[in-house]
Every structure is written in C-alpha cells, then in structure tokens.
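Work through the exercises below with the sequence and the model at hand. Each task is followed by a worked solution.

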Amino acid sequence: MSGRYSRGSTENESSVSRRTFVAAAGATGATVSLAGCIYGDGDEGDGDVVIAMGSTTIDDVEDGMPDLLYENGLDEDIEIAFSSQSDDTGDQRDTYSQLIEAGETEPDLMMCDTGWTNVLIENGYLANLSEELDDDTLDLIDEEYFEAFVDTARDPESGDLMALPLFPDYGCMYYNKSYARDAGYDDDDFEEWATEPMSWEEWAELTGEMLEASDAEAGLATQWDIYEGTSCCSFNEVMTSWGGAYFGGEENLGGPVGDRPVTVDEEEFIDALAMMRTFVSDEQDDDTLDEFPTGIAPTDITSWDEEGAREPFSSGQTAMLRNWPYIVPATLDGDDYPFDDEDDLGAMPVPYAVEEDEAAQPGAGGTASAQGGWHIGLNPNSERTEEAIQVMQAMTEDDFNLGMLEIVAWLPPKPDLFDDEEATDPDDVGPIGHYMETLRVAGENAMPRPVTAQWPSQAEIIAEQVNQAVAGDQSPADTAADLQEALEESES
C-alpha cells in the first residue's frame with residue numbers, strides 16, 4: 001500500500017479519498033462527467049455500469065476495483081465506467097439529488113456518505129435494495145455485516161435496505177508508544193490497551209504521566225472546531241461514553257422528528273462537556289471536574305479538524321490523538337518524526353466514563369466510536385438495474401472486501417474479516433494490518449450520528465455551542481440549557 005487512506009466523513013470534510021486532505025473545486029452541478037477510465041470494449045458510457053464517486057477516489061480505485069469485481073462473480077461482459085464527482089461530500093449529495101430529480105439514468109451506482117444517505121432515502125432518490133437484491137445477499141448483509149453500519153443504510157421507517165454498505169470508518173485513540181515507554185509502560189501494556197477500553201480517569205492519568213515523562217508539549221489532540229466533525233463524531237463519542245445522547249438514545253437517531261425527546265440538558269451531557277473543559281483548563285474552577293487533571297489538552301483543539309489534530313501528533317508534539325484510521329498510513333508511510341512503524345504508533349478504543357448498564361440513555365455508555373464510512377446506492381432511474389445489481393453482489397464477497405483493504409485501505413464491512421489472516425498481515429494490506437483488533441472493537445461499539453433531514457442544521461448549532469463551552473466562553477451547564485432550547489425549537 002502506498003499512502004492511500006480515508007477518514008470518517010462529515011458535511012464539511014473535503015474528500016472521500018484515502019490520499020488527499022485538500023478540498024477540491026466547487027459543486028459539480030447537474031451534469032455528470034465520465035472519467036476517462038472505461039473497462040471493456042464498449043464506447044465511453046455506452047452500455048457500461050457507471051459508478052459515481054469523488055475524482056480522487058477514482059484515482060485510488062480505477063486500476064484495482066474492476067478486476068476485483070470480475071474475480072468475485074461479475075460477468076466480464078458487463079463493463080465498468082467511473083463518473084467523476086467533486087471530492088466535497090456535500091457537493092456529491094447535491095449533485096446526486098439534482099440528477100435523480102431530473103430523471104437522469106446515469107450514474108447507475110452512487111457512492112454515498114453515511115452522513116447523508118438518509119437525505120437521499122427520505123427524498124426517494126435511492127432504489128429499494130430489499131426489493132432488488134436476492135434473499136441470500138440480504139441475509140448475508142443482515143447476518144455478517146456490522147449492524148450499526150448497516151442501520152445507516154436503512155429506511156428508518158420501513159427498515160428496508162436502501163444502499164449497500166461498502167466500507168466503514170471508526171474513530172479511535174492513537175498514542176505515541178515511545179512516550180508511553182518513557183512513562184514506564186511496555187509491550188504487555190500496549191497489547192492490553194489495544195482491545196480493553198480504559199475509563200476516562202485511567203486514560204487521563206496515563207496521559208498525564210506520558211506528558212510529564214516525555215518531550216511531548218501536550219497530552220491530547222482531537223477535533224473540536226465549529227464544524228460537523230465535532231457534533232457527529234468527536235463530541236458524540238465523549239457524550240455517548242458518559243451515557244448521554246442528543247435525542248434520548250440510539251433508537252431515536254432516525255426520528256421521528258418532533259416526536260422524540262431532546263436530552264441535552266442532562267447531567268451526563270453536562271459532565272461530558274465539563275470533562276473536556278477540564279482537559280484544556282489551566283486550573284480547576286466551577287466549570288471543571290475534580291476527578292480529572294487540568295491542562296492535558298491545548299486550547300488549540302477548539303480550532304482543529306482532522307488534519308489540524310493529526311499534524312501536532314505526527315510531529316511528536318502531543319502524546320495522544322483521537323482520529324480516524326487514515327492516520328495510520330498517513331503517519332507511518334510519511335516522513336514525520338517520530339513514527340517509523342508499529343513499534344512507535346499505538347491504538348486503543350475510545351475511553352468511557354460509565355458502563356453500558358449505568359448509562360442514562362438507551363444504547364449509550366461504554367466505549368463508543370463515531371460511525372463513518374460510505375455506501376453504494378442504486379439510481380432508481382437506471383436503465384441497467386440488472387447489471388448494477390450484479391456489481392453490488394460482487395461487492396459483498398469476502399475477497400472483494402479484503403482486496404479493497406489491500407488496494408486502498410477500505411475497512412471491511414464484516415467484523416469477522418477483521419480477524420482474517422490476510423487482513424492482519426501488513427505485508428498484504430500495509431500498516432493498517434497491525435491495528436485491526438482495535439478497529440474491530442471500535443466497529444462493534446460504533447455510534448452513528450442522527451440521520452434526519454434536520455440533522456445538518458442541528459449539527460451546526462451543536463458544534464458552535466460545545467466549542468464555546470470547551471473554550472471557556474460559557475459554562476457547560478449554560479451550554480446544555482441553551483442547546484436544549486435550540487434543539488427543541490428545531491424539532492418543532
């Protein structure tokens with residue numbers, strides 16, 4: 001593998017590719033342009049199954065994906081073409097909506113962000129796969145895929161499958177093993193940390209020890225800027241680990257809007273914010289929690305997104321990093337000091353504050369990883385539905401999933417494949433193979449973001465409020481009260 005990676009996606013993230021962090025040009029508009037990579041003997045776009053995805057993602061997969069599809073059962077008479085879209089995930093959503101609303105028959109298949117697949121579902125822009133896929137394929141998805149990941153591809157009302165889960169992404173906590181060794185820890189500890197979640201108190205004590213014993217300038221780097229990545233992911237993980245939820249638990253993520261509780265002005269939500277405020281505070285005060293140390297995270301986290309947080313960690317300035325799996329090849333395949341290989345970079349599940357059976361909200365508590373990733377949707381106007389379904393069925397094969405892990409580090413959608421001999425062999429799949437145990441734990445404890453049409457505007461409100469609380473501009477309690485009122489208004 002050569003430095004190709006991905007991350008969990010949000011409305012404001014710039015790319016679905018595993019090898020770029022730079023935002024591409026603006027919206028593509030309503031016209032689909034085909035990339036110049038047509039497979040088979042047909043004329044460009046004529047008789048091909050057209051798959052839409054971001055332009056840099058096409059760069060990553062165009063050489064390997066078609067061959068994998070043919071090797072996994074796709075009829076070689078069915079040719080594959082790629083439709084090049086903007087790398088901005090929100091632009092992709094808007095373009096698909098415009099195309100389908102206009103009755104366009106291409107693209108046949110569309111790569112859909114888990115964060116907005118529900119928007120296409122609610123508007124009737126995706127074909128119902130529960131009616132298109134055969135029973136064996138539907139049973140395979142029900143029985144062998146990550147349940148939380150599949151749920152983001154379902155119609156929240158009917159439960160029908162509306163998109164094929166392609167690859168998930170999960171947030172984890174990464175750490176500098178050299179700094180941990182400076183603090184007196186060794187490989188036995190690292191092995192335990194890889195699969196056994198810590199409490200936030202244990203984690204904070206460890207981080208403080210690493211900070212004191214090493215050359216690190218700060219303990220934790222994470223994402224807390226005013227953007228959806230905070231509300232959907234980094235804060236969602238912290239809040240869930242405290243037993244909290246935005247709307248009364250996991251069962252209400254898909255609505256019904258206006259008929260579900262808003263559970264923000266609650267003790268568990270306030271404590272989650274107060275803990276993060278404690279981490280960046282210089283000293284204890286009325287807005288911090290006594291059981292946690294102050295000063296183990298820089299106030300800079302309130303302006304950091306994924307790359308903002310990765311860079312100080314990769315350069316050795318911070319001991320810990322909350323981020324997505326893309327940072328593994330990005331860090332180990334790069335030239336950054338001080339990481340050479342897996343002996344330098346460690347990973348662990350996100351810590352927790354309360355056990356699952358102690359959580360105030362259903363489905364919360366324990367370690368929690370934000371659910372990111374991408375699906376494949378079928379255009380309901382497609383004139384090549386039968387051929388497109390063959391493509392989707394090939395994508396459900398184990399060898400296709402393992403092949404994409406090797407080609408582009410897309411995590412398999414099936415938990416059992418995380419233990420596969422090939423998936424855990426870095427010689428086959430690159431450095432990500434060293435971290436599959438941790439990523440499986442993350443996948444089994446994934447927490448999706450809310451999936452309603454109101455969520456994008458609600459996410460903006462949440463991100464702004466929790467950013468201000470951690471920055472010290474208002475108290476966690478006042479933030480919770482204001483946010484409760486704002487979300488109740490948006491629900492009505």
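Predicted model: local features only at pLDDT ≥ 70, side-chain atom pairs only at ≥ 80, totals over all residues.

**Exercise 1: the chain as a whole**

Solution. Next, take burial: of the 492 residues in the chain, 62% are buried. Then count the secondary structure, which comes to 20 helices and 11 strands. Last, take the contacts with a separation of 6 or more: 74% of them join residues 24 or more positions apart.

**Exercise 2: the faces of H6**

Task: Determine which residues of helix H6 (residues 135-144) are buried and how they are arranged about the axis.

Solution. Start with the buried residues of H6, namely Thr137, Leu138, Leu140 and Ile141. Viewed down the helix axis, these fall within an arc of 155 degrees, so they line one face of H6. On the other side, Asp135, Asp136 and Glu143 are exposed. Now look for the cover over the buried residues: it includes helices H5 (129-132), H7 (147-151) and H15 (385-395), along with strand S5 (164-170). Finally, inspect the start of H6, where a side-chain oxygen of Asp134 lies within 3.2 Å of the backbone nitrogen of Asp136.

**Exercise 3: H12 and H19**

Task: Classify the packing of helix H12 (residues 267-280) and helix H19 (residues 455-471).

Solution. Two packed helices are described by the angle and the distance between their axes. Here the axes come within 8 Å and cross at roughly 45 degrees. H12 and H19 are therefore oblique to each other. To locate the contact, note that Phe269, Leu273, Met276, Arg277 and Val280 of H12 meet Val466, Ala469, Val470 and Ala471 of H19.

Technical notes
Residues numbered from 1 in each chain as written. Heavy atoms only, no water. Buried < 20%, exposed > 50% of the residue type's maximum accessible area, 1.4 Å probe, protein only. Helix = DSSP H or I, 4+ residues; strand = E, 2+ residues; numbered from the N terminus. Arc of directions from axis to C-beta. Contact = heavy atoms within 4.5 Å. Polar contact = N/O pair within 3.5 Å; in protein donor to acceptor, adjacent residues only side chain to side chain. Axes fitted to C-alpha atoms, helices over the stretch in contact; angles between N-to-C directions. Parallel < 35°, antiparallel > 145°, perpendicular 65-115°, else oblique.
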